[in-house]
Amino acid sequence: MYRDGLLEEPPTAIFKVLADRGFDGDSLSYPHFNVVATPGFFCTNEDGSSRNQFLLTELERDRKICELRYTCEVVFSRVMTEKIVSGVIPYSALAHIEHAHCWAHAQANLRLPLKVPGSASGI
């Protein structure tokens, strides 16, 4: 039996989860143990010294992740323009948070598109 209590064998994770650095190593939180792809971190070298530049292989990998996550980040920034769902949510607003969340996503969808559709898109 595994985490959802119904399976005798773990299911195969067929999707990668694109997330920011705060979700690094979070794959155990998903029922199918999906791989969580996050951008790289600055870390210490094997000799204990710190570094302030990414390696070329890290940049190439991170560019792909960031290109795929771009629209999610833009939508998230548009959603955060609604005061009730940005920052610390007051206790008095919790009764309305589901509706506020839906409204924030609705107004984000009503804004101009990120890319012009059709032949004018430049793609």
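Me: Which residues make up the largest nonpolar core?

Reply: In this predicted model, the largest nonpolar core has five residues, namely Val79, Val85, Ala100, Ala104 and Ala108. Helix 2 supplies the largest share of this core, with three residues.

Me: What makes the buried residues of helix 2 lie on the same side?

Reply: The buried residues of helix 2 are Ala100, Ala104, Gln107 and Ala108. They cover an arc of only 105° around the axis, and therefore they sit on the same side of helix 2. These buried residues pack against helix 1 (56–79), whereas the face turned away from the buried side carries the exposed residues Glu98, His99 and Asn109.

Me: Why is aspartate 62 called buried?

Reply: Buried means under 20% relative accessible area, and aspartate 62 has a relative accessibility of 7%, so aspartate 62 counts as buried. This residue is found in helix 1 and, leaving aside neighbours within four places in sequence, is in contact with Thr38, Pro39 and Gly40.

Me: What makes the 3.0 Å pair between the side chains of aspartate 62 and arginine 61 a polar contact?

Reply: The cut-off for a pair of N or O atoms is within 3.5 Å, and the contact joining the side chains of aspartate 62 and arginine 61 is 3.0 Å.

Terms used. Residues numbered from 1 in each chain as written. Predicted model: local features only at pLDDT ≥ 70, side-chain atom pairs only at ≥ 80, totals over all residues. Heavy atoms only, no water. Buried < 20%, exposed > 50% of the residue type's maximum accessible area, 1.4 Å probe, protein only. Helix = DSSP H or I, 4+ residues; strand = E, 2+ residues; numbered from the N terminus. Arc of directions from axis to C-beta. Contact = heavy atoms within 4.5 Å. Core = buried A, V, L, I, M, F, W, Y, C linked by side-chain atoms within 4.5 Å. Polar contact = N/O pair within 3.5 Å; in protein donor to acceptor, adjacent residues only side chain to side chain.
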